[in-house]
Amino acid sequence: MIWCPRCDQGWVTPARARGQSETFRLCHECDTVWVDREPDANPPFLILEEYAARFGLDGLWSNIEVLERKPGA
Ligand SMILES: [Zn+2]
């Protein structure tokens with residue numbers, strides 16, 4: 001579990017878009033997505049809405065499967 005290096009406001013957890021096998025890291029506060037790299041503060045940033053659109057999904061949390069619970073949840 002990683003504290004978000006971009007917004008410094010929330011946790012980054014492994015996640016998966018509904019119906020997809022690819023996993024990625026997602027910040028629960030700023031909705032930044034990291035695919036194929038560890039979370040860092042270096043642009044370019046991908047946000048959940050843009051990522052989900054690759055699969056024809058809306059960038060809604062209901063379309064996302066969180067694979068690890070954040071602390072306290
Ligand atoms: Zn963040």
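**Close-up views of a predicted model**

**View 1. F24, Y51 and F55 make up a single aromatic cluster.** Rings of Phe, Tyr and Trp (its six-membered ring) pair if their centres lie within 6.5 Å; planes under 30 degrees apart count as stacked, over 60 as edge-to-face and the rest as tilted. This is a predicted model in which local features need pLDDT of at least 70 and side-chain atom pairs count only at pLDDT 80 or more, while totals for chains, interfaces and linings use all residues. Residues are numbered from 1 along each chain as its sequence is written, and side-chain values use heavy atoms, with hydrogens and water left out.

**View 2. The structure holds 3 aromatic pairs.** W3 and W11 form an edge-to-face pair, 5.0 Å centre to centre with 80° between the planes. W3 is partly exposed, at a relative accessible area of 39%, and W11 is also partly exposed, at 26%. (Buried means under 20% relative accessible area, exposed over 50%, partly exposed in between, with a 1.4 Å probe and protein chains only.) The ring centres of F24 and Y51 are 4.4 Å apart and their planes stand at 50°, so this pair is tilted. Because F24 lies in strand β3 and Y51 in helix α1, the pair ties together parts that are 27 residues apart in sequence. Helices (H or I, at least four residues) and strands (E, at least two) are DSSP runs, numbered from the N terminus. Both F24 and Y51 are buried.

View 3. The ideal angle for four tetrahedral donors is 109.5 degrees. C7, in the loop between β1 (2-3) and β2 (11-17), and C30, in the loop between β3 (23-27) and β4 (32-34), link distant parts of the chain, 23 residues apart. C7 is partly exposed, with a relative accessible area of 21%, as is C30, with 23%.

**View 4. The charged end of R6 sits over the ring of F45.** The distance to the ring centre is 3.9 Å. A charge sits over a ring if NZ of Lys or CZ of Arg is within 6 Å of the ring centre and within 35 degrees of the ring normal.
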